[in-house]
Amino acid sequence: MMTDVDDRLTAAELAQLWNTFMNNKMYKCVLLYCENKAEDQELTAIIKNAIQICDGIISEIIAIYEKENHPIPIAMNEDEDVNISAPKLYSEILMLSYIHDMTRYGMIGYSTAVSIAVREDVEELFNKALQEDIQLYKRTLSLLQSKGTYYRSPSIPIPEKIEIADKGSYLSGFVGKQRALTVIEVMNLYNDMQRNALGKAVFLGLSQTVASNDIEKFLLKCVNHFNKNVEKFANTLIKDNISTSPTLDSEVLHSTTPPFSERLMLGQVVMFIATLTGYYGTALGTVSRRDLGEIYAAVLVDTVELGNQAAKLLIKYGWLEQAPQSVDHKFQMK
């Protein structure tokens with residue numbers, strides 16, 4: 001006997017829709033500020049394209065929510081969470097670097113969403129978002145390269161032959177013979193160094209504009225956290241005579257007028273922490289030297305704790321919007 005196909009949204013689809021909606025609403029606020037401050041025509045065109053993509057994604061998710069009688073999340077909004085008239089806080093190089101990094105994050109998120117989508121409308125939404133994000137990534141990469149501010153991952157000599165790991169040195173790292181870094185380890189260390197350098201610059205700027213003492217203290221803690229991570233990853237590369245990239249601290253300008261609400265500032269922390277935690281988890285599963293495993297394990301624990309502190313501040317001020325939850329049957333049975 002044939003039965004009707006279950007066309008309800010799965011928990012995985014709801015999770016991806018919610019995360020995408022929240023991130024794009026917040027991302028659009030940042031983009032609107034950048035659009036108002038950018039003077040370079042190519043950068044302005046990229047920002048306008050990014051805003052258009054955000055609007056399209058937000059509208060399509062709202063349509064799915066309305067079809068399912070799902071409440072529309074509050075999220076960030078341009079009326080309350082961004083002040084586009086605030087003076088310029090970041091250079092255009094930092095703005096472009098931020099947008100470029102968000103496209104990299106988006107490609108990972110949207111490809112994951114496509115891989116778990118069951119319903120056709122959800123799959124089409126995320127597949128379109130992925131394709132648009134790929135094109136935006138290419139545009140930001142091209143502009144960074146043309147301005148001479150894209151720092152490529154280091155190169156190594158092409159190996160002359162395939163080698164089998166030596167059981168005495170491959171996993172070592174603390175004592176005895178220490179093997180050279182593999183290309184996988186170089187990739188993780190270099191990319192994570194750059195991501196932390198970006199985070200440090202972004203939150204350094206926010207920290208000089210925030211009004212609340214506890215949030216200012218927390219943002220400065222984030223700056224210190226990112227700075228320590230940059231040093232850890234860079235020093236590990238330097239020990240292997242592998243080049244590092246410059247930081248972005250000098251791209252933070254002198255304005256002390258807040259361009260964003262404190263709610264959005266903390267939301268940016270949560271997004272950065274969530275992104276970095278995923279990257280660290282991937283790195284922890286792929287590095288082989290014991291010293292690198294210890295570095296990533298320690299960084300991961302510290303980063304998760306920082307995320308918890310951000311969540312506590314959001315709860316304190318009544319700003320933490322919960323993702324959809326499953327039914328608490330135990331509570332209902334009481």
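**Notebook: cavity, pocket, patch**

I started with the inside: the largest cavity holds about 120 Å³ of space. This is a predicted model, so I'm treating it as one. I checked how many cavities of 30 Å³ or more there are, and the count comes to one.

Next, what lines the largest cavity? I noted Val-30, Tyr-33, Cys-34, Tyr-90, Leu-94, Met-95, Tyr-98, Val-202, Leu-206, Phe-260, Leu-264 and Gln-268. Sorted by class, that lining is eleven nonpolar residues and one polar, with no charged ones. Helices H1 (11–37), H3 (92–116), H5 and H7 (262–286) each put at least two residues into it.

Then I moved to the largest pocket, which has about 1,100 Å³ of space. Its lining runs to 41 residues, and I wrote down those closest to the centre: Asn-19, Asn-23, Tyr-105, Met-271 and Ala-274. Which elements give two or more residues to this lining? They are H1, H2 (41–67), H3, H4 (120–146), H7 and H8 (290–316). H7 gives the most, with ten residues. By class I get 25 nonpolar, 13 polar and three charged residues around the pocket.

Last, the surface. I found a nonpolar patch of about 350 Å², made by Ile-156, Val-183, Ile-184 and Met-187. Is Val-183 buried or exposed? Its relative accessible area is 51%, so I log Val-183 as exposed, the cut-off for that being over 50%.

Terms used:
Residues numbered from 1 in each chain as written. Predicted model: local features only at pLDDT ≥ 70, side-chain atom pairs only at ≥ 80, totals over all residues. Heavy atoms only, no water. Patch = residues over 30% accessible without salt bridge, like charges linked within 9 Å, V, L, I, M, F, W, Y side chains within 5 Å. Areas by Shrake-Rupley, 256 points an atom, 1.4 Å probe, with all protein chains shown as cover. Salt bridge = Lys/Arg side-chain N within 4 Å of Asp/Glu carboxyl O. Buried < 20%, exposed > 50% of the residue type's maximum accessible area, 1.4 Å probe, protein only. 1 Å grid on protein atoms, 1.4 Å probe; cavity = no way out; pocket = protein on both sides within 12 Å on 5 of 7 lines; lining within 4 Å. Points joined across faces, edges and corners; volume = space filled by probe spheres on them. Helix = DSSP H or I, 4+ residues; strand = E, 2+ residues; numbered from the N terminus. Nonpolar A, V, L, I, M, F, W, Y, C, P; charged D, E, K, R; others polar.
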